[in-house]
Amino acid sequence: RQTVELGALVDRLYEYAYLLDVEPRQELERLDVGLLVGEVLLGMSGEIEGAGLEVELDPPTGLVLATDREMLTRIVQNLGRNAVQHGRGTLAVEVAAWGGAEGGFRNGVAPDASIDTARLFDRFFTADASRSARSSGLGLSIVEVLVTGLGGTVSAAHDPVAATLEVRARIPSAEAPSTR
């Protein structure tokens with residue numbers, strides 16, 4: 001188990017260092033964001049089920065965005081992994097249009113959780129010290145680098161009364177070749 005965890009940490013460190021050091025070349029294409037989010041979460045169904053999370057997702061149909069498929073997929077995967085590692089109860093995933101695409105991942109947290117949302121995207125930061133052995137503290141940092149690379153913004157909000165944490169990302173649509 002420790003070997004697997006160490007391997008995952010090395011992979012995350014490499015990915016983070018690569019993203020910071022290299023200007024990622026975007027491969028723009030027009031894609032249905034709701035469909036992509038659904039496919040990624042379906043691919044994570046074993047992990048999500050293993051974490052005991054119930055997923056709520058009602059993605060819009062036809063929300064087409066010109067963006068990089070690989071980068072957007074990695075954003076959704078990292079947000080999903082964050083919920084799997086730290087969430088409880090329900091994972092509510094929202095996808096909406098705003099001139100680009102906006103998505104939110106909201107999951108339950110411990111009722112007594114003290115989460116510093118201002119630091120959640122900091123490299124190696126783990127909101128709960130008792131979980132630091134299971135987390136590299138790089139997942140949300142990678143999300144921030146990728147979202148920013150796509151020209152978007154990412155934020156987090158902790159609601160201590162509802163015992164939830166929500167991470168939201170806004171990604172503008174870029175100009176992409178027509179699919180005619």
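Trainee: What percentage of the 180 residues of the protein chain count as buried?

Mentor: The model is a predicted one. A residue counts as buried when its relative accessible area is under 20%. Among the 180 residues of the protein chain, the share that counts as buried is 42%.

Trainee: In what pattern do the helices and strands follow one another along the sequence?

Mentor: The protein chain holds 5 helices and 7 strands. Read along the sequence, they give the pattern α-β-α-α-β-β-α-β-β-α-β-β.

Trainee: What share of the contacts with a separation of 6 or more comes from residues 24 or more positions apart?

Mentor: A contact here means heavy atoms within 4.5 Å. Among contacts in the protein chain with a separation of 6 or more, residues 24 or more positions apart account for 71%.

Trainee: Which element gives the most residues to the largest nonpolar core?

Mentor: The largest nonpolar core has 40 residues, and Val33 and Ile75 have the most contacts inside it. At least two residues each are supplied by helix H2 (33-43), helix H4 (69-86), strand E4 (88-97), strand E5 (100-108), helix H5 (139-149) and strand E7 (164-172). With 7 residues, the element that gives the most to this core is H4.

Trainee: How many residues of the lining of the largest cavity come from E5?

Mentor: A search of the whole structure finds 1 cavity of 30 Å³ or more. The largest cavity has a volume of about 150 Å³, and of its 15 lining residues the closest to the centre are Leu72, Val76, Glu102, Gly103 and Ala169. H2, H4, E5 and E7 each supply at least two residues of the lining. The largest share comes from E5, with 5 residues.

Trainee: How do the residues of the lining of the largest cavity divide into nonpolar, polar and charged?

Mentor: In this classification, Gly counts as polar and Glu as charged. Gly103 and Glu102 are among the lining residues closest to the centre of the largest cavity. The lining as a whole divides into 12 nonpolar, 2 polar and 1 charged.

Trainee: Is Ile142 buried or exposed?

Mentor: Ile142 is placed in helix H5, where Gly139, Leu140, Ser141, Ile142, Val143, Leu146 and Val147 are buried. The C-alpha atoms of Ile142 and Phe121 are separated by 8.2 Å, although the two are 21 residues apart along the chain. Because its relative accessible area is 0%, Ile142 is buried.

Trainee: How far apart in space are Asp122 and Gly139, C-alpha to C-alpha?

Mentor: Asp122 has its place in the loop between E5 and H5. Its relative accessibility is 32%, so Asp122 counts as partly exposed. Asp122 and Gly139 are 17 residues apart in sequence, and their C-alpha to C-alpha distance in space is 9.8 Å.

Trainee: Which residues does Asn82 touch, not counting those up to four places away in sequence?

Mentor: Asn82 is found in helix H4. Its relative accessibility is 14%, so Asn82 counts as buried. Not counting residues up to four places away in sequence, Asn82 touches Gly87 and Leu140.

Trainee: Why does Arg170 count as partly exposed?

Mentor: Arg170 lies in strand E7. Not counting residues up to four places away in sequence, Arg170 touches Trp98, Ala101, Glu102, Val147, Gly152 and Thr153. Arg170 counts as partly exposed because its relative accessibility is 34%.

Trainee: What positive phi does Ala163 have?

Mentor: Ala163 lies in the loop between strand E6 (153-159) and E7. Its relative accessibility is 15%, so Ala163 counts as buried. Although Ala163 is not a glycine, its phi is positive, at about 55°.

Trainee: Which residue takes a positive phi just after H5?

Mentor: Helix H5 covers 139-149. The residue just after H5 with a positive phi, about 85°, is Gly151.

Terms used. Residues are numbered from 1 along each chain as its sequence is written. This is a predicted model: local features need pLDDT of at least 70, side-chain atom pairs count only at pLDDT 80 or more; totals for chains, interfaces and linings use all residues. Side-chain values use heavy atoms; hydrogens and water are left out. A nonpolar core is a set of buried Ala, Val, Leu, Ile, Met, Phe, Trp, Tyr and Cys residues joined through side-chain atoms within 4.5 Å. Buried means under 20% relative accessible area, exposed over 50%, partly exposed in between (1.4 Å probe, protein chains only). Helices (H or I, at least four residues) and strands (E, at least two) are DSSP runs, numbered from the N terminus. On a 1 Å grid over the protein atoms alone, a cavity is a set of points where a 1.4 Å probe fits but cannot get out, and a pocket is an open set with protein on both sides within 12 Å along at least five of seven lines; lining residues have an atom within 4 Å of a point. Grid points are joined across faces, edges and corners, and a volume is the space filled by probe spheres set on the points.
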